Structures are given as C-alpha cells and as structure tokens.
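This report is for a reader meeting the structure for the first time. Please look over the sequence and the model before reading on.

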Amino acid sequence: MTTQKFDLGGVVVATTLAFKEDASAPAGLAVDYDRFAEHCDFLISNGCRGVGPNGSLGEYSSLTDEERRKVIQVAVEAVDGRGLVVAGVHGVGWHQAVQWAEYAKEDGADGVLLLPPTIYRANRAEVIEHYTRVNEVGLPIMLYNNPFDTKVDLTPDLVAELAQLENVVAIKEFTADIRRVLEIKELCDIDVIAGADDLLFESLVVGATGWFAGYPNAFPKEAVEIYDLVKAGRIEEARTLYTQLVAVFRWDSKTEFVQAIKLSIDIAGQSYGGPTRPPRGPLSAEHEAHVRRDTQRALDYIASR
C-alpha cells in the first residue's frame, strides 16, 4: 500500500508524558491523560507543526500496552487535525512494530517514527526486514537513527536502500554528525529531520527539512521562531536566539534528557512536566542545579527581548 509524501517542515515535538500519583499504577504513577492532552494543545497553539507521542521522551518503554495505545488516541483527539501526529512505534522486533503501526493507523495518526529493532543489535538484513514489514502497514515512516541507544547505525547507504520503500519519507538523524544531512540528501530523496536539539541550527542551515524536537516542550514559541528565521534566510537573527538557548538544549543529548526537559517545562511554567517512571529516577542535586541554571538563563534572555 503506497502512501503520499507529507509535509514535515516545521517543529514536530517529541512529547513528554504527564504522570500523576496513583498507588495502584505501575511504580505508583498513572498516566495523566488530561494533562497530556493539554500539553499537546499547548504545543500546537504555540505554532508547532505537530506532536510525536510514544518516543523515548514520552517514556514509551515504561508504559503498559493499554497506556501506550491510549496515548496516541489522546494525542490525535487533542491535535484535532491542526497538525501532525507522528506516533512512535518502536519494538524489539518487527512483529511488535507492525502491531503498534497498525494501532496508530486505526487510531488516526498521520505517520510513524521507527527505530531499528530495540535491545537486540540487528544486522543489516534484519534492519531492512524490520522496516519492510512496517512499510506494509501503509503509513508514512520516519526512520529514526539513534545509534547511541540502539547500537545500530543507519548509515547513509543503508538509508538510501530503505528509502526505496514507498512509505519511507524521512529520517530523524541523531548521530550528531552534521555531515549526514547532505550525504543522505545526495543519495536519496527523503526529508532529513534534525533530531538533536543542540545541532538544530547547524542542521537547518545545511538543509534539514524539519526538526523532531525535545526542548520545544518547554520553549515551543522560541523553537518555532528559530526554525522560521532560518527558513526565511534570516540566519544571523536565528543564530542569536539559538545561541541563548543552546546551553539548555544540550540536555536533549544527555542521558537524563527526559528528567531535564520535564524540569525545564515546570520551571518555564506554561505546561506540566512532572515526574518520570522507572528506570528513570530523579535528577541528582548537581544535575538539577545545572538544568535550573541553564533553563533560567534561557528564560531571562526571552524576558529581556
């Protein structure tokens, strides 16, 4: 089943997921669907192109199957056609990823974000089968290259091979190798999406189509402004704003990125971040102080503009 290529220009936010205390829920934390819906609405209302629920930042691997599916349903309802919903459908094997992709399709998602097989370090043939199977579901697929977590690198030549699948339309590139943007674009005709917040400016300047982002959970308006300025060719203005935010953006590439981004959301005060489920515990006192300092620096600059 062939799908249409869809517009990924703009800021699609890998959404955090709100939890509330509930002794009967896993680790004493239940998904707070109301706050999650409000957060999705907040992001769209501030100019974001869409939301990306059930990514690593959305703590998908810590959810029950029932929770994981409902998160997509809530996101689709909250966005209500005003933007894209790109659902994370990651799985240990293609049989799981296909199931999550089918659920996403049934529940109204516009496309899917898909890592190579998780946990197991798949070889090239296994990676190709993984994506080939999900391709058959018929939703647009954004490949996700994060070799730090999966130990599998979707190299440009492999991306070019996967791009021959009719529903592969983009790749979220998170290697921190800025050379990948142009190298991939030279080899195949798919959108390269900036995946690391602290390489966002550089990626856009060199030709990335969009931004699948973490820190816009806390700073959506300013994130959209950076994107729009670069695309309008106002590079110096974009660089000035980016320079003032990049210190906090760097937390998107650290081990504690989920906890850091949730804390920054709470400090910014426009939405709700809250706690994380295991295996993610609270930030150390040192890390918390650092995140608070970087977040406040960004907020002070925004307030002074």
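Is R234 buried, partly exposed or exposed? R234 has a relative accessibility of 42%, so R234 counts as partly exposed. The structure is a predicted model.

## The pair R234 and E237

R234 forms a salt bridge with E237, with 2.8 Å from N to O.

## Salt bridges between separate parts

Across the whole structure, a search gives 16 salt bridges. One of them joins R124 and D157, whose closest N and O atoms are 3.1 Å apart. R124 belongs to helix 4 (residues 124-135) and D157 to helix 6 (residues 156-162), so this pair ties together parts that are 33 residues apart in sequence. R124 is partly exposed, at a relative accessible area of 37%. D157 also counts as partly exposed, with 42% relative accessibility.

A salt bridge also links the side chains of R180 and D153, at 2.8 Å from N to O. R180 is in helix 7 (residues 179-187), while D153 is in the loop between helix 5 (147-150) and helix 6, so the pair ties together parts that are 27 residues apart in sequence. Buried means under 20% relative accessible area. R180, at 10% relative accessibility, therefore counts as buried. D153 has 30% relative accessibility and counts as partly exposed.

## Helix 3 against helix 4

Two packed helices are described by the angle between their axes and the distance between those axes. For helix 3 (residues 94-106) and helix 4, the angle is about 25 degrees and the axes are 9 Å apart. Angles under 35 degrees count as roughly parallel, and helix 3 is therefore roughly parallel to helix 4. The crossing of these helices is right-handed.

Which residues of helix 3 and helix 4 meet? From helix 3 they are W94, A97, V98 and A101, and from helix 4 they are E129, H130, R133 and V134. By class, this contact of helix 3 with helix 4 has 5 nonpolar, 1 polar and 2 charged residues.

## Helix 11 against helix 12

Helix 11 (residues 257-268) and helix 12 (residues 285-304) have axes that come within 10 Å and cross at roughly 45 degrees. This angle makes helix 11 oblique to helix 12. Helix 11 and helix 12 cross in a right-handed way.

On the side of helix 11, the contact is made by A260, L263, S264, I267 and A268. Helix 12 contributes E288, V291, R292, T295, Q296 and L299. The residues in the contact of helix 11 with helix 12 divide into 6 nonpolar, 3 polar and 2 charged.

## The loop residue S271

Where is S271 placed? S271 lies in the loop between helix 11 and helix 12. Apart from neighbours within four places in sequence, S271 is in contact with H39, F42, I265 and D266.

S271 and E166 are 105 residues apart along the chain, and their C-alpha atoms are separated by 38 Å.

Notes:
Residues numbered from 1 in each chain as written. Predicted model: local features only at pLDDT ≥ 70, side-chain atom pairs only at ≥ 80, totals over all residues. Heavy atoms only, no water. Axes fitted to C-alpha atoms, helices over the stretch in contact; angles between N-to-C directions. Helix = DSSP H or I, 4+ residues; strand = E, 2+ residues; numbered from the N terminus. Parallel < 35°, antiparallel > 145°, perpendicular 65-115°, else oblique. Left-handed = near helix turned anticlockwise from the far one by under 90°. Contact = heavy atoms within 4.5 Å. Nonpolar A, V, L, I, M, F, W, Y, C, P; charged D, E, K, R; others polar. Salt bridge = Lys/Arg side-chain N within 4 Å of Asp/Glu carboxyl O. Buried < 20%, exposed > 50% of the residue type's maximum accessible area, 1.4 Å probe, protein only.
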